[in-house]
Amino acid sequence: MKDSVRVLLRIAGSSFLLICLLGGQNVFAQDKTVKDGVFTEAQVASGQIVYDSQCKTCHNMQFYRDTLRSWNNQPLLWLWESIMGTMPADNPGSLMLEEYTDVIAYILSENGFPTGDNELDPDNGMEQISILPP
Ligand code: HEC
C-alpha cells in the first residue's frame, strides 16, 4: 500500500516538472512578433530590388498578404526556410541567403509592419519572431 502511494507521488512529481518545462518553453517561443521592428530600413530597400527582379512576375502583393495570413503565429524562420527551399519556383534556392532575408523584410514592410534598429538574421533569433496577419 505504502509503496504504491510513493509511486503515485513520484509520477505526479515528474509530470509537474514536465509541465513546468513545457510551459516555460512556450513563453520563450512567443518572444516577439513582426510588429516589433525586427528588420531595418536598409533591408527593405535591398529587398525591394530582389523582389522586383525575382518575385514580382508570379505573385502580386495580395498573394503575400494571404500568405502572411495563413502563416499566422508561425515562426518567421519557417517562412524564410520555406521560401528559400521553393522560390523562385523556376529556380529554387538561386538567391543568396541575405537576399531571401531582405525580400522578407520588404514583404513585411509592404504589409504595414515597422522597421527597427536590428537586422533580421536567420542565425539570430528569427525562430522567436511570430508572424502576424497584416
Ligand atoms: C516562376 C514563378 C514564381 C516566381 C518567380 C516566384 N514564385 Fe513564389 N510561388 C510560385 C508558385 C507556383 C507557388 C505555389 C503555388 C501557389 O501557392 O500559388 C509559389 C508559392 C509561394 C509562396 C507560398 C508558400 C507557402 O508555403 O505559403 C510564397 C511565400 C512565395 N511563393 C514567395 C516567393 C518569393 C519571395 C519569390 C521571390 C524570391 C517568389 N515566390 C518567386 C511561383 C513563383
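**Group meeting: a walk through the model**

Okay, let's start at asparagine 73, which sits in the loop between α3 and α4. Before going on, some ground rules: what we have is a predicted model, where local features need pLDDT of at least 70, side-chain atom pairs count only at pLDDT 80 or more, and totals for chains, interfaces and linings use all residues. Residue numbers start from 1 along each chain, following the sequence as written.

Back to asparagine 73: its phi is positive, about 75 degrees, although the residue is not a glycine. Is asparagine 73 buried or exposed? It counts as exposed, because it has 10 C-beta neighbours inside 10 Å. The cut-offs go like this: 20 or more other C-beta atoms within 10 Å of a residue's own makes it buried, 12 or fewer exposed, and in between partly exposed, with C-beta atoms placed from the backbone.

Now the overall layout. The protein chain has five helices and two strands, and from the N terminus the order is α-β-α-α-α-α-β. Those are DSSP runs numbered from the N terminus: H or I over at least four residues for helices, E over at least two for strands. Of the 134 residues in the protein chain, 23% are buried.

Next, the core. Nonpolar side chains in soluble globular proteins tend to be buried together. Here the largest nonpolar core has 26 residues, and among those touching the most other members are Val34, Leu76 and Trp80. By nonpolar core I mean buried Ala, Val, Leu, Ile, Met, Phe, Trp, Tyr and Cys residues joined through C-beta atoms within 7 Å. Helices α2, α3, α4 and α5 each put in at least two residues, and the largest share, seven residues, is from α5.

Take valine 34, in the loop between β1 and α2. It's buried because 25 other C-beta atoms lie within 10 Å. Skipping neighbours within four places in sequence, valine 34 is in contact with Leu76, Leu108, Phe113, Ile129, Ile131 and Leu132; contact means C-beta atoms, placed from the backbone, within 7 Å. Leucine 76, leaving out residues up to four places away in sequence, touches Val34, Met126, Ile129 and Ile131.

How do α2 and α5 pack? Helix α2 (residues 41–54) meets helix α5 (residues 97–110) at an angle of about 100 degrees, and their axes are 7 Å apart. So α2 is roughly perpendicular to α5. For the angle classes, under 35 degrees is roughly parallel, over 145 roughly antiparallel, 65 to 115 roughly perpendicular, and the rest oblique. Axes are lines fitted to C-alpha atoms, for helices over the stretch in contact, and angles run from 0 to 180 degrees between N-to-C directions.

Still on α5, isoleucine 107 lies in that helix.

Last stop, the ligand. Which residues are closest to the ligand? They're Cys55, Cys58, Met87, Pro88 and Ala89, out of 14 residues that surround the ligand. The cut-off is a C-beta atom, placed from the backbone, within 6 Å. Both α3 and α4 supply at least two residues each to that shell. Proline 88 is in the loop between α4 and α5.

Note on methods:
Two residues are in contact if their C-beta atoms, placed from the backbone, lie within 7 Å.
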